Amino acid sequence: MDDTQKVCASMPRIGEPAPQFEAPTTHGVLRLEDFKGEWLVLFSHPADFTPVCTTEFVAFAEVYPEFRKRSTELLGLSVDSVSSHIAGARNIEEKTGVKIPFPIIADLSKEVSTAYGMIHPGQSKTETVRCVFIIDPNQIIRAILYYPLTTGRNIQEILRIIDCLQTTDEHKVATPANWQPGQKVVVPAPGTQEAAEERLGQGYECVDWYLCKKNI
Amino acid sequence: MACITPDGAPTQAGRRMLQAIKQGASTPEEVARQTGLPIFSTRAGFRDFIEAGMIEQEGDVCRITEKGMKFIT
């Protein structure tokens, strides 16, 4: 099996249990199960002391209180040592005044990045691409985002996805394109002809029987 | 270790955890609630403290040991 096949074989999928791990981090040795009961954003970056990663760490740290309001923790990862991560975090604080409040995995063995399919040999054989795994309190993968090495992530979109998923879980609805909290949500499409006929009389805002919205 | 320094003493956060355990918190969840520390941190801390002999586990609950008491008295 070549490198590409190994990476593809271990790509996790939405709806599957997140691969368990125990790994050294800037907050000591942590296990995935330590985060059980909360939402988790596991994200990888190519390396410490790189420009785009630095902007992302600052952006994640600045929005960290918003993640905590949503019972969500952040966990970074790259194929660097704990010492490198500590130096990187200290450098960011020194140069920007922003303290990194969340742990960062030092994945020198590449065990975690391989389990999560974070290394894409077409981009780099040694560095992780910019992956985001949104993991729910039951440790099921609920969303996956991949960005190339050259594109910094949109942190507000990650927050929005968490808002969408939590709203879906709480109200059993879906969320339309560009949805933001407070806007109307999509009522699940009817599964039978009878339900479709009844749908239009149920007081929802409907474009047609399969696309109806309501306030929550 | 998350809550223990390389010389074997608890970190500042570790001392807060031990203090909470001394005051009756017996699970990582209770310690997180009492101290405001993240739950992932208290779960990892409990592992470290048990391994270091600063707390001991009986069933589902933990209590501070004599060794653990030395660091908060």
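Student: How does the lining of the second largest pocket split by class into nonpolar, polar and charged residues?

Tutor: This is a predicted model, so keep that in mind as we go. The second largest pocket is lined by 11 nonpolar, six polar and one charged residues.

Student: How much space lies in the second largest pocket?

Tutor: About 270 Å³. Its lining has 18 residues, and those closest to the centre of the pocket are A:Thr26, A:His27, B:Ala2, B:Ala13 and B:Ser41.

Student: And which helices each supply at least two residues of that lining?

Tutor: Those are α3 (82-96) of chain A and α3 (39-52) of chain B.

Student: OK, what about the largest pocket, what's its volume?

Tutor: The largest pocket comes to about 330 Å³. Its lining is made of A:Thr26, A:His27, A:Ile86, A:Ala89, A:Arg90, A:Glu93, A:Lys99, A:Ile100, A:Pro101 and A:Phe102. Sorted by class, that lining holds five nonpolar, two polar and three charged residues.

Student: Let's switch to helices. At roughly what angle do α2 and α5 of chain A cross?

Tutor: Roughly 20°. Helix α2 of chain A covers residues 51-69, helix α5 of chain A covers residues 155-171, and their axes come within 10 Å. At that angle, α2(A) is therefore roughly parallel to α5(A). The crossing of α2(A) and α5(A) is right-handed.

Student: Which residues make that contact?

Tutor: From α2(A) you have A:Ala59, A:Phe60, A:Val63, A:Glu66 and A:Phe67. From α5(A) come A:Ile155, A:Gln156, A:Ile158, A:Leu159 and A:Ile162. The contact of α2(A) with α5(A) counts eight nonpolar, one polar and one charged residues.

Student: Now chain B. Are α1(B) and α3(B) roughly parallel or roughly perpendicular to each other?

Tutor: The axes of α1 (residues 12-22) and α3(B) cross at roughly 80° and come within 11 Å. The two helices are therefore roughly perpendicular to each other.

Student: Who touches whom there, and what classes are they?

Tutor: On the α1(B) side it's B:Gly14, B:Met17, B:Leu18 and B:Ile21. On the α3(B) side it's B:Ser41, B:Thr42, B:Gly45, B:Phe46 and B:Phe49. That contact has five nonpolar, four polar and no charged residues.

Student: Nice. At what angle does α2(B) pack with α3(B)?

Tutor: At about 130°, with the axes of α2 (residues 28-35) and α3(B) 8 Å apart. That angle is why α2(B) counts as oblique to α3(B). The crossing of these two helices is right-handed.

Student: Last one: which residues meet between α2(B) and α3(B)?

Tutor: B:Pro28, B:Glu29, B:Val31 and B:Ala32 in α2(B) meet B:Ile39, B:Thr42, B:Arg43 and B:Phe46 in α3(B). By class, this contact has five nonpolar, one polar and two charged residues.

Terms used: Residues numbered from 1 in each chain as written. Chains lettered and ligands numbered in written order. Predicted model: local features only at pLDDT ≥ 70, side-chain atom pairs only at ≥ 80, totals over all residues. Heavy atoms only, no water. 1 Å grid on protein atoms, 1.4 Å probe; cavity = no way out; pocket = protein on both sides within 12 Å on 5 of 7 lines; lining within 4 Å. Points joined across faces, edges and corners; volume = space filled by probe spheres on them. Nonpolar A, V, L, I, M, F, W, Y, C, P; charged D, E, K, R; others polar. Helix = DSSP H or I, 4+ residues; strand = E, 2+ residues; numbered from the N terminus. Axes fitted to C-alpha atoms, helices over the stretch in contact; angles between N-to-C directions. Parallel < 35°, antiparallel > 145°, perpendicular 65-115°, else oblique. Left-handed = near helix turned anticlockwise from the far one by under 90°. Contact = heavy atoms within 4.5 Å.
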